[in-house]
Amino acid sequence: MEAFNNIKNRRSVRTFLKTPFRQETEDFIKEYLEDLKTETGPFSHTLNISTIDIEDGKKVGTYGIIKNPQKYIAATVVNTIEGLMDFGYLFEKMILDFNIKKIGTCWMAGTFKRTDFSHMTFNENDVLPAVTPIGYFENRRFFENLMRKAAKSDMRLPYETLFFNENFETPMAEHQALEAVRLGPSASNKQPWRILVKEDTYHLYLEENVKYNNTLSFKMQYLDMGIAMYHLEVALKEMEIEKTWIKENPNVSVPNENYIYVVSYK
Ligand SMILES: Cc1cc2nc3c(=O)[nH]c(=O)nc-3n(C[C@H](O)[C@H](O)[C@H](O)COP(=O)(O)O)c2cc1C
């Protein structure tokens, strides 16, 4: 239950404690990022990742939403659909591992100024899709709760609109690994992941919000798909089910033209 519970307990943290990181936390983060740099996602990409110190009192273009972060973590990846999915997968792995250590995070792909991170080295085809503030946090402060309500952060779409059994007309019965996907964070909490379970294979689709997905210079909703991949994989592993990621489009008819087949866990 540890991985599932951790997924269940994670929340985006936007108000941090002012407490500076203890040395052991600094060391943990440094080592974690060194290791993460050597890891590849399911599509074989690595992240160019580092911590960014922020000047005292400087807001990283977040319009005052993020309070008291100790630092930021930023990363770049090649700007392709598979690159972005690997980014989602690896960055979310870090976010969940940090949650276990009581280090708060918040995925940010929209509400920050990319120029604040312009000193990160980039290759021509790379992009900096997201950053996260980090710091210690207290569970659910009053202000944070108000924000969460306003943003409908705890809201998730009903199970039967997300997960399907053999075809898109039949909803799946409740299932812990699918619940782990449902609880995941997503850009603007749009929850664009859909899963068709067919003969024990999990086929992942994106129900794309075409306008939204094309507002930035990269297709943000593929970050959500990478996050869903990671959640599905760890939750199934915890149930001792291990599969591999492959492209194997089941070519079934989909509910509308915004459904895009992405990848399968078989
Ligand atoms: C790819 C991605 C981008 C996000 N971008 C932002 C952002 O720019 N600013 C922000 O405040 N939250 C951002 N979020 C956080 C979501 O709003 C949040 O995950 C969602 O509302 C669900 O809330 P929860 O993470 O607390 O479960 C982003 C999340 C994801 C996955």
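## Strands around β4

Strand β2 (residues 71-78) runs antiparallel to β4, with 7 bridges joining them; strands count as pairing if DSSP finds at least two bridges between them. Across that pairing, isoleucine 73 sits opposite threonine 132 of β4. Strand β3 (residues 103-105) also pairs with β4 in the antiparallel sense, over 3 bridges, and there isoleucine 103 has tyrosine 136 as its bridge partner. Strands here are DSSP runs (E, at least two residues) and helices are too (H or I, at least four), numbered from the N terminus.

How much of β4 is buried? For β4 (residues 126-136) the count is 11 of the 11 residues, so the strand is largely enclosed by the rest of the structure. Buried means under 20% relative accessible area, exposed over 50%, and partly exposed in between (1.4 Å probe, protein chains only).

## About the model

This is a predicted model, where local features need pLDDT of at least 70 and side-chain atom pairs count only at pLDDT 80 or more, while totals for chains, interfaces and linings use all residues. Residues are numbered from 1 along each chain as its sequence is written, and side-chain values use heavy atoms, leaving out hydrogens and water.

## The open sheet

Another piece to look at is an open sheet of 5 strands, ordered β5-β6-β7-β9-β8 with mixed pairing. β5 and β8 (245-246) are at the edges with a single partner strand each, so one side of each has no neighbour in the sheet. β5 pairs with strand β6 (residues 193-198) in the parallel sense over 3 bridges, and phenylalanine 163 stands opposite isoleucine 195 in β6.

Threonine 161 is partly exposed, at 35% relative accessible area.

## Helices α1 and α7

Which helix crosses α1 at roughly 145°? That's α7 (residues 221-238), whose axis comes within 8 Å of the axis of α1 (residues 2-9). Axes are lines fitted to C-alpha atoms, for helices over the stretch in contact, and angles run from 0 to 180 degrees between N-to-C directions. Glu2, Ala3, Phe4 and Ile7 of α1 meet His231, Val234 and Glu238 of α7, with contact meaning heavy atoms within 4.5 Å.
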